[in-house]
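Here is a short note on the chain shown below, written as numbered points. Please keep the sequence and the 3D view open side by side while reading.

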Amino acid sequence: YQPYIPQNTGTFGEFGWSGVLRGAGVVFFMFTGFDIVATMSQEAKNPKRDMPIGIIGSLVVCTILYALFGHVL
């Protein structure tokens, strides 16, 4: 884990495992923003089929982008 997690600076959330947990919390709250997709079900022609596809598809795409961005950083 050494190349990916720098040493902690002594401040909570700056680096180290506390920084990893802080970043995980931020990403969790970013994912909760997907509830707007569920509120758009009124405008879908076939919401029983389209809503799961839209929610799962957007979560998969954003998860891949977050993972790639985190790996690059």
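This is a predicted model: local features need pLDDT of at least 70, side-chain atom pairs count only at pLDDT 80 or more; totals for chains, interfaces and linings use all residues.

1. Helices here are DSSP runs of H or I with at least four residues, strands are runs of E with at least two, and both are numbered from the N terminus. With that in hand, the protein chain has three helices and zero strands, and along the sequence its pattern reads α-α-α.

2. Residues are numbered from 1 along each chain as its sequence is written, and side-chain values use heavy atoms, with hydrogens and water left out.

3. Of the 73 residues of the protein chain, 10% count as buried, where buried means under 20% relative accessible area, exposed means over 50%, and partly exposed lies in between (1.4 Å probe, protein chains only). Glycine 23, with a relative accessible area of 32%, is therefore partly exposed.

4. The largest pocket holds about 620 Å³ of space. Lining it are 19 residues, of which Val20, Gly23, Gly70, His71 and Leu73 are the closest to its centre. (A pocket is an open set of points on a 1 Å grid over the protein atoms alone, where a 1.4 Å probe fits, with protein on both sides within 12 Å along at least five of seven lines; lining residues have an atom within 4 Å of a point.) The elements giving two or more residues to this lining are helix 1 (16-31) and helix 3 (47-72), and helix 1 gives the most, with seven residues. Glycine 23 and glycine 70 are 47 residues apart in sequence, yet their C-alpha atoms are 9.8 Å apart in space.

5. Where is isoleucine 64 placed? Isoleucine 64 is in helix 3, and because its relative accessibility is 48%, isoleucine 64 counts as partly exposed. Together with Ile56, Val60 and Leu68, Ile64 makes a nonpolar surface patch of about 380 Å².

6. How many salt bridges does a search of the whole structure find? The search finds one, a salt bridge being a side-chain nitrogen of Lys or Arg within 4 Å of a carboxyl oxygen of Asp or Glu. The side chains of arginine 49 and aspartate 50 form this contact, at 3.0 Å from N to O. Aspartate 50 has a relative accessible area of 26%, so aspartate 50 is partly exposed.

Notes:
Grid points are joined across faces, edges and corners, and a volume is the space filled by probe spheres set on the points. Patches are made of residues with over 30% relative accessible area and no salt bridge: like charges are joined within 9 Å, nonpolar side chains (Val, Leu, Ile, Met, Phe, Trp, Tyr) within 5 Å. Accessible areas come from the Shrake-Rupley method with a 1.4 Å probe; for residues, only the protein chains shown count as cover.
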